[in-house]
Amino acid sequence: MTKSAFVAIVGRPSAGKSTLLNTLCGQKISIVTPLPQTTRNKIRGILNQPEGQLVFVDTPGFHNSERKFNQRLRTLVSDTLDETDLVVYLLDGSRGPGEEERGLLDLLSKQTKPILLVLNKNDLATHPNWEAYLAEAKERGLKGQIFRVSAQTKDGLEQLTSAIYELAPEGHPMYPEDYYTDQDPEFRISEVIREQTMLRTRDEIPHSLYVDIADLEESNDGKELWIRAFIILERESQKGIVVGKGGTLIKEIRQESQKILGKIFPQRIQLDLRVKASPKWRNRDRVLRKLVR
Ligand SMILES: Nc1nc2c(ncn2[C@@H]2O[C@H](COP(=O)(O)OP(=O)(O)OP(=O)(O)O)[C@@H](O)[C@H]2O)c(=O)[nH]1
Ligand SMILES: [Mg+2]
C-alpha cells in the first residue's frame, strides 16, 4: 500500500509558501511575488512519487487585520487546517517572528495532526530571534523535528519530503497520477495575469486588483486559445497606472502573461487584456465569494 495525504502549507505573508509548493511539485502552480498577500485561494499542488501521492494545499498568508477581505482569507486558512492530514508551518527564517506568528500558534496548538516546523530561506542569514520562538512553539505543544530549507535553492527539501511521506497515512491516490494540480484553466489564467500585474505595479494597486476572464475559447483546429480578460481595479484613477504611458505597461503585462501561459497550455495563446474599475469590490460579498474560495 502506498501513502496518500493532504498537506496544508501555512505561515505569515511572504514566508515562501507558494514558492515551496511550486518547488515541491516541480511546476509553476501558485503565483509568487515579493509582495505580501499574493495568494488568495487554497491552491492544490500534487506530488506523485513511488512512495505515494501528496497533495499540498497552499494558503493565503496568515494576517491579523480585521478587514472583511482578510477575515475571509483567515477563515480559508483554518478551514484548510481542518481538511488536511498534515501541516507544514512555514517560517521566514530571514526575518524575525512576525506578529502573525502568535495567532498562528493559537490556531496550530489546537490541532492534533502532525505539524512540521519549517524554517525557510536558509540561503539567507537566519534571524537571531527564531531560536526563542521555536522553543516557545515546542512548549505550546508543537513538537517534532525542525526543518531548515530553502524553497528557492531546494536545499533541505528531500529530507522534508521524506519526513512527510513517513508521517502520511496509507491510502490510494486521490488524483490521477499524471496530475500536478486540479485548478481549472480560467483560474490559472487569471492568476498569471494577476501576478504579472502585481509585479509591475506598486503601492495600493497590487491588493486592489482582481482578474476576470470574460471569454475563453479554443480555435476550431485546436491550435489557439483565445482569452478575453479584464484587470479589475477599485478606482477609475488607478486605471492609468496599470495601462501605463501610451499603453506600454498593459502591453508588457499582456506579452509576459502570454509567454507564461504558452508554457502551461499546449495551444498558442491570444490574449485580449483590458482594464476596468469596479469601486470597492473588496467589500462586496458576491465578488468575495467568487474570488476567495
Ligand atoms: N531568498 C529566498 N527567497 C525566497 C525563498 N522562498 C521564497 N522566497 C521569496 O519570498 C517572496 C515571497 O514568496 P511567496 O512564495 O510568494 O510567499 P508566500 O508565503 O506564498 O506569500 P503570500 O502568498 O503573500 O502569503 C518571493 O519574493 C520569493 O521569491 C527562499 O527559500 N529563499
Ligand atoms: Mg503565496
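Guide: Lysine 154 counts as exposed, because its relative accessibility is 55%. Exposed means over 50% relative accessible area, buried under 20%, and partly exposed in between, with a 1.4 Å probe and protein chains only. The model is predicted: local features need pLDDT of at least 70, side-chain atom pairs count only at pLDDT 80 or more, and totals for chains, interfaces and linings use all residues. Residues are numbered from 1 along each chain as its sequence is written, chains are lettered from A and ligands numbered from 1 in the order in which they are written, and side-chain values use heavy atoms, without hydrogens or water.

Lysine 154 sits in the loop between strand E6 (146–148) and helix H5 (157–167). Helices (H or I, at least four residues) and strands (E, at least two) are DSSP runs, numbered from the N terminus. The backbone of lysine 154 deserves a look: its phi is near 75°, a positive value in a residue other than glycine. Most residues other than glycine have a negative phi.

Glutamine 37 also has a positive phi, about 65°, and is not a glycine. Its place is the loop between H1 and E2. Glutamine 37 counts as buried, because its relative accessibility is 16%.

A polar backbone atom of glycine 16 is 2.8 Å from an oxygen atom of ligand 1. Alanine 151 places a backbone N or O atom 3.0 Å from an oxygen atom of ligand 1. Of the 660 Å² of accessible area that ligand 1 has on its own, the protein covers 91%. Accessible areas come from the Shrake-Rupley method with a 1.4 Å probe; for residues, only the protein chains shown count as cover.

Next, the metal. Ser18 (OG) and Thr39 (OG1) coordinate the magnesium ion (ligand 2), at 2.0 to 2.1 Å. These two come from distant parts of the chain, 21 residues apart: serine 18 is in helix H1 (residues 17–25), and threonine 39 is in the loop between H1 and strand E2 (43–49). Donors are N, O and S atoms within 2.8 Å of the metal (3.2 Å for Na, K and Ca); water is not among the atoms, so sites may look incomplete. Serine 18 is buried, because its relative accessibility is 9%. Threonine 39 is buried too, with a relative accessible area of 6%.

Lysine 42 is found between H1 and E2. Its side chain makes a polar contact of 3.2 Å with the side chain of glutamate 83. A polar contact is a pair of N or O atoms within 3.5 Å; within protein, one must be able to donate a hydrogen and the other to accept it, and residues adjacent in sequence count only if both atoms are side-chain atoms. Beyond its neighbours within four places in sequence, lysine 42 is in contact with residues including Val57, Asp58, Leu76 and Arg293. Contact means heavy atoms within 4.5 Å.

Isoleucine 29 lies in the loop between H1 and E2 as well. Isoleucine 29 is buried, with a relative accessible area of 6%. Apart from neighbours within four places, its contacts include Leu21, Ile43, Tyr180 and Arg188.

Now back to helix H5, which holds tyrosine 165. Tyrosine 165 is buried, at a relative accessible area of 4%. A polar atom of its side chain lies 2.9 Å from the backbone oxygen of glycine 52. Leaving aside neighbours within four places, the contacts of tyrosine 165 include Lys3, Leu47, Gly52 and Leu54.

Finish at strand E5 (residues 115–120). It is largely enclosed by the rest of the structure, because 6 of its 6 residues are buried. One side carries Ile115, Leu117 and Leu119, and the other Leu116, Val118 and Asn120. In a regular strand the side chains alternate between the two faces of the sheet. Strand E4 (residues 86–92) pairs with E5 in the parallel sense, over 6 bridges. Two strands pair if DSSP finds at least two bridges between them. Valine 88 stands opposite leucine 116 in E5.
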